[in-house]
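Good morning, and thank you for making time on the agenda. Please look at the sequence and the structure as I speak.

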Amino acid sequence: MSHVRTQQSRHLAAVVALGLLFASNAAVAETVPSPPLAAEKHAEQRLVLSTGTTVTDEPIRYPTGAGAHITAVEITLQPGEQTGWHMHPVPLFGYILEGELTVDYGAKGQRTYRKGDGLMEAMNEAHNGRNSGQGPLRILAVVIGAEGVQGSVPASPPVRAQ
């Protein structure tokens with residue numbers, strides 16, 4: 001019975017995460033008032049990201065064939081440190097908690113993300129992230145994956161046109 005509840009909880013978490021991530025096809029960061037709560041309390045929300053594509057305009061495709069598996073990891077890089085070349089076979093949402101991240105996407109250029117930025121990382125495309133700031137970089141990475149599928153795999157740097 002506990003195994004069934006765990007599977008139901010994972011399924012519910014995946015459905016909620018996907019609903020939040022795929023609600024719209026535009027990346028937005030704005031302040032949105034929430035509806036009043038029962039006790040007349042008011043909360044403020046800031047929409048960090050709502051998109052159907054990755055940062056390199058690839059449509060987000062959820063993996064099929066295995067049970068959903070959501071993983072959240074906080075990554076810390078010191079100034080100048082790099083992630084190493086890698087790619088993601090599944091969707092990955094990143095949120096910059098602190099610092100500045102510059103990601104090299106090869107022929108698709110470089111992008112810089114700062115504290116408070118959210119992004120849907122490139123999938124199946126080699127990229128390398130670097131702490132381009134003066135202090136520590138902290139990233140919350142949420143992998144929207146599948147059981148038995150790694151969220152990140154090593155990759156070779158892309159060939160550059162000369």
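Two remarks on the basis of what I say. This is a predicted model, in which local features need pLDDT of at least 70 and side-chain atom pairs count only at pLDDT 80 or more, while totals for chains, interfaces and linings use all residues. Residues are numbered from 1 along each chain as its sequence is written, and side-chain values use heavy atoms, with hydrogens and water left out.

Let me begin with the overall make-up. The protein has 1 helix and 11 strands. Helices here are DSSP runs of H or I with at least four residues, and strands are runs of E with at least two, numbered from the N terminus. Along the sequence, the pattern is α-β-β-β-β-β-β-β-β-β-β-β. Of the 162 residues, 34% count as buried; buried means under 20% relative accessible area, exposed means over 50%, and partly exposed lies in between, with a 1.4 Å probe and protein chains only.

Now to the sheets. Two strands are said to pair if DSSP finds at least two bridges between them.

Which residues stand opposite Phe 93? In β8 the residue is Met 120, and in β10 it is Val 142. Tyr 95 has Gly 118 as its bridge partner in β8.

The other sheet is also open and has 3 strands, in the order β7-β6-β9, with antiparallel pairing. Strands β7 (110-114) and β9 (128-131) stand at the edges with a single partner strand each, so one side of each is left without a neighbour in the sheet. Here the twist averages 25° from one strand to the next.

Strand β6, residues 100-104, pairs with β9 in the antiparallel sense over 4 bridges. Thr 102 belongs to β6, and its bridge partner in β9 is Arg 130. These two residues are 28 residues apart along the chain, yet their C-alpha atoms are separated by 5.3 Å. Thr 102 is buried because its relative accessible area is 8%.

Asp 104 also lies in strand β6. Is this residue buried or exposed? Asp 104 has a relative accessible area of 13%, and therefore counts as buried. A polar atom of its side chain lies 2.8 Å from the backbone nitrogen of Gly 106.

I turn next to the pocket. Rolling a probe the size of a water molecule over the atoms shows where empty space is left. On a 1 Å grid over the protein atoms alone, a cavity is a set of points where a 1.4 Å probe fits but cannot get out, whereas a pocket is an open set with protein on both sides within 12 Å along at least five of seven lines; lining residues have an atom within 4 Å of a point. The largest pocket has a volume of about 320 Å³. Its lining comprises 18 residues, of which Ile 75, Thr 83, His 86, His 88 and Leu 92 lie nearest the centre. Strands β3, β5, β6 and β10 (137-146) each supply at least two lining residues, and β10 gives the most, with 3. By type, the lining divides into 9 nonpolar, 8 polar and 1 charged.

Finally, two loop residues. Most residues other than glycine have a negative phi, and most peptide bonds are trans. Asp 57, in the loop between β2 (44-47) and β3, has a positive phi near 65°. Asp 57 is exposed, since its relative accessible area is 62%. Asn 124, in the loop between β8 and β9, has a positive phi near 55°. Asn 124 is partly exposed, with a relative accessible area of 47%.

Note on methods. Axes fitted to C-alpha atoms, helices over the stretch in contact; angles between N-to-C directions. Points joined across faces, edges and corners; volume = space filled by probe spheres on them. Nonpolar A, V, L, I, M, F, W, Y, C, P; charged D, E, K, R; others polar. Polar contact = N/O pair within 3.5 Å; in protein donor to acceptor, adjacent residues only side chain to side chain.
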